[in-house]
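Open the model in your viewer and keep the sequence beside it. This tour tells you what to select next and what is there.

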Amino acid sequence: FSTVQFEDSNIADKIIDILKKNDIPGDALAIEFTESIKIHESDILNNNMNLLKMYGIGLSIDDFGYSW
């Protein structure tokens, strides 16, 4: 996911709803963000990440090729 995608204030709820509808536990999913998320800070972004973490979804940052 990119920072732009996570600026959607409903993205975390959408992801969690899909998991719930399909009986998939949160810890069965890991979401990888592009490295640009490290330099972007917003309340919406932080809220989305916190909701996902609370549901047990793994979060990681792809920094492959960062600064190259």
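Start by selecting L19. Skipping neighbours within four places in sequence, L19 is in contact (heavy atoms within 4.5 Å) with I24, G26, L29, Y55 and I57.

A word on what you are viewing. This is a predicted model, where local features need pLDDT of at least 70 and side-chain atom pairs count only at pLDDT 80 or more, while totals for chains, interfaces and linings use all residues. Residues are numbered from 1 along each chain as its sequence is written, and side-chain values use heavy atoms, with hydrogens and water left out.

Stay on L19. Is this residue buried or exposed? L19 has a relative accessible area of 6%, so it is buried. Buried means under 20% relative accessible area, exposed over 50%, and partly exposed in between, with a 1.4 Å probe and protein chains only.

Now select residues 11-21. This is helix α1, and L19 sits in it.

Zoom out to the whole chain. There are two helices and two strands. Along the sequence they follow the pattern α-β-α-β. Of the 68 residues, 25% are buried. Take the contacts between residues at least 6 apart in sequence: 80% of them join residues at least 24 apart.

Next, select the largest nonpolar core: F6, I11, A12, I15, I16, L19, I31, F33, L45, M49, L52 and I57, 12 residues in all. Such a core is a set of buried Ala, Val, Leu, Ile, Met, Phe, Trp, Tyr and Cys residues joined through side-chain atoms within 4.5 Å. Colour α1, β1 (30-34) and α2; these elements each give two or more residues to this core. Helix α1 gives the most, with five. In soluble globular proteins, nonpolar side chains tend to be buried together.

Beyond its neighbours within four places in sequence, I11 is in contact with Q5, F6 and N48.

N48 counts as buried because its relative accessibility is 0%. What does N48 contact, leaving aside neighbours within four places in sequence? The partners are F6, D8, S9, I11 and A12.

Conventions:
Helices (H or I, at least four residues) and strands (E, at least two) are DSSP runs, numbered from the N terminus.
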